[in-house]
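Here is my note for a colleague opening this structure for the first time. Keep the viewer open while you read and go point by point.

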Amino acid sequence: MENSVTGRYVEETRRPGSELRTLTTRTAVPAAYDKAYGHVLLPRPVFVPEREISAFSDDLAAIFRILVSLPERCYDGDLDRYCAAIGLPPELSEVMREGATGDPLLYARADAFHDGAGFRLLELNVGSELGGIDSAQLNRAFLEVPAFRAFAERNRLGHTDTMAHLAAALRAASAARTGAASATTSDIAVALLEAPGALGEHDVVFLSIQEDLRGHGIDLQLGEIQELTEAPDGRLALRGRPLDVILRFFAAGQIAGDPAARAALTRVNRAHADGRTALFTPLEGALFTSKAALGLLHRPAVRAALSGSELELIDRVLPRTWVLGAEGCEDALEYARTHRASLVLKPGIGYSADGVVIGRDVGDEEWAAALAATALRDYVAQELVVPALEPALDPDSGLTGEWVANWGIFVTPQGFGGAFVRALKPEDGSVITYANPGTRGTCVFTHPEDEEKQI
């Protein structure tokens with residue numbers, strides 16, 4: 001998505017002796033962030049007009065409100081019918097619905113492409129188990145490099161710190177637990193909890209989150225849900241320390257098949273309901289994070305219940321998405337069989353691009369096998385979005401290459417909550433995930449709209 005600021009930045013990196021060319025080698029990031037991401041940095045940050053990304057964040061909030069309204073508006077308030085419509089297995093929906101209030105908190109991250117005209121929503125991840133929340137550490141580190149700081153000042157660059165939004169949300173959750181007007185930095189005890197055996201799988205990422213949150217005045221503990229005990233004052237405790245707030249990083253799929261974890265979740269939900277230890281965020285939001293929930297927005301019966309402005313929003317932001325593997329999806333499956341090259345097949349609930357099949361990258365036989373697998377789990381087919389490319393100069397070769405950018409855009413009750421980018425050269429594949437060794441990551445800077453008109 002080359003704009004004027006991007007063009008100026010790339011042009012400056014081409015100048016002989018430019019310090020921007022070797023920006024990442026001149027940048028000192030915090031130790032834990034460096035261990036997690038220092039080896040996979042894109043040579044530069046990406047830039048976007050502030051008004052554009054803030055408006056997209058507003059669109060995401062509106063999409064979220066529509067999704068949350070669907071059980072009542074289209075399924076007579078019957079969550080069983082809603083879950084069946086998105087192909088959500090009963091063992092998962094049971095976990096998600098325990099303690100549900102019908103009003104999940106808006107705390108989410110969109111994965112989006114920019115097609116040159118605007119952002120297009122690929123999926124909306126609702127809940128607190130989100131990667132990329134610590135990316136503002138890279139923004140701050142880049143701004144410590146004199147050459148980049150000068151560029152940022154000339155172009156009036158800014159950034160939104162996602163971790164600041166999270167810290168505010170954790171303090172609000174603690175204050176709501178006690179009924180206080182606010183929570184100070186000194187009296188809030190928070191633990192990030194994973195599922196049994198899962199903490200070590202992404203320990204470098206959690207250590208980076210811990211490091212960043214400490215800079216926002218919160219000393220974060222790390223643990224697993226089955227380690228919780230009960231303190232004398234009734235709060236849940238981790239290794240003897242009573243907790244005000246639990247930052248949930250476990251997912252429903254990790255809990256459903258584990259009796260010990262399931263019992264621990266019930267204790268957490270009860271403590272949350274009783275005001276003893278707050279849970280940020282309950283699993284209720286996961287009812288609306290499935291990509292199949294987005295697929296409902298293109299079903300005729302659902303669309304008939306939506307307003308004209310809601311339909312305009314959906315059609316502008318969301319690529320056409322079809323629910324597969326659920327009742328009444330025969331027509332969608334037939335469409336997918338005959339439109340392989342223009343579709344992407346995705347699990348309704350999945351992480352790190354697990355199970356994603358891009359139609360143009362496979363033959364008819366492999367596509368047919370992938371479609372057959374939709375009978376065994378929740379899947380969607382989504383219209384393929386062709387993203388605009390991001391140019392970046394290679395500091396070693398001096399050549400400018402083009403990258404496909406997957407934007408991670410956060411939305412919170414405060415509005416736009418920051419962003420980061422994962423990027424991949426087209427020749428290195430189509431699925432952008434850190435499991436692909438060609439994937440690189442970077443932070444996002446915003447700029448005023450009128451910077452587009454400057455020379």
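**Notes on the core, the sheets and the rings**

1. Let's begin at Leu121. Leaving out neighbours within four places in sequence, Leu121 is in contact with Phe56, Leu60, Ile63, Ala110, Asp111, Ala112, Leu294, Val317, Leu318, Pro319 and Gln382. Bear in mind throughout that you are looking at a predicted model.

2. Now for the wider setting. The largest nonpolar core has 82 residues, and Leu121 is among the members that touch the most others, along with Tyr82, Leu124, Trp407 and Ile409. Helix H4, residues 50-74, gives the most to this core, with 12 residues. As background, nonpolar side chains in soluble globular proteins tend to be buried together.

3. Next, have a look at Leu23. This residue belongs to helix H2, residues 23-26. Is Leu23 buried or exposed? Its relative accessibility is 0%, so Leu23 counts as buried. Not counting residues up to four places away in sequence, Leu23 touches Tyr9, Pro43, Pro45, Phe142, Val145 and Phe148.

4. Tyr9, Phe142 and Phe148 belong to one aromatic cluster with Phe47, Phe151 and Phe445. Both Phe47 and Phe151 are buried. Their ring centres are 5.9 Å apart and the planes stand at 45 degrees, so the pair is tilted. Phe47 is in strand S1 (residues 46-49) while Phe151 is in helix H8 (residues 146-154), so this pair ties together parts that are 104 residues apart in sequence.

5. How many aromatic pairs are there? The count comes to 17 aromatic pairs. Take Tyr33 and Tyr37: the ring centres are 5.0 Å apart and the planes make 45 degrees, so this pair is tilted. Both of these tyrosines lie in helix H3 (residues 31-37), 4 residues apart, which is about one turn of the helix. Tyr33 is buried at 5% relative accessible area, and Tyr37 also counts as buried, at 13%.

6. One ring has a charge to look at. The charged end of Arg248 sits over the ring of Phe250, 5.9 Å from the ring centre.

7. Back to strand S1 and its partner. S1 and S18 run parallel and are joined by 4 bridges; one of the pairings puts Val46 with its bridge partner Val444 in S18. Strand S18 (residues 440-447) is mostly covered, with 7 of its 8 residues buried. S18 also pairs with strand S17 (residues 415-424), this time in the antiparallel sense and over 4 bridges. There, Phe420 stands opposite Cys443 in S18.

8. Which strands make up the four-stranded open sheet, and in what order? The order is S11-S14-S12-S13, with antiparallel pairing. S11 (321-324) and S13 (357-358) are at the edges with a single partner strand each, so one side of each has no neighbour in the sheet. S11 and strand S14 (residues 379-383) run antiparallel and share 4 bridges, and Trp322 stands opposite Ala381 in S14.

9. Two helices go with that sheet. Helix H16 (residues 330-338) lies across S11, S12 (343-347) and S14, and runs at about 115 degrees to S11. Helix H17 (residues 364-372) packs on the sheet too, touching S11, S12 and S13, with its direction at about 35 degrees to that of S12.

10. Finally, there is a sheet of 3 strands. This one is open and antiparallel, in the order S6-S7-S8. Its edge strands are S6 (228-230) and S8 (241-242), each pairing on one side only. S6 is joined to strand S7 (residues 236-238) by 3 bridges, and Glu230 has Leu236 as its bridge partner in S7. Helix H12 (residues 259-274) lies across S6 and S7, at about 50 degrees to S6.

Note on methods. Residues are numbered from 1 along each chain as its sequence is written. This is a predicted model: local features need pLDDT of at least 70, side-chain atom pairs count only at pLDDT 80 or more; totals for chains, interfaces and linings use all residues. Side-chain values use heavy atoms; hydrogens and water are left out. Two strands pair if DSSP finds at least two bridges between them. Contact means heavy atoms within 4.5 Å. Axes are lines fitted to C-alpha atoms, for helices over the stretch in contact, and angles run from 0 to 180 degrees between N-to-C directions. Rings of Phe, Tyr and Trp (its six-membered ring) pair if their centres lie within 6.5 Å; planes under 30 degrees apart count as stacked, over 60 as edge-to-face and the rest as tilted. Buried means under 20% relative accessible area, exposed over 50%, partly exposed in between (1.4 Å probe, protein chains only). A charge sits over a ring if NZ of Lys or CZ of Arg is within 6 Å of the ring centre and within 35 degrees of the ring normal. A nonpolar core is a set of buried Ala, Val, Leu, Ile, Met, Phe, Trp, Tyr and Cys residues joined through side-chain atoms within 4.5 Å.
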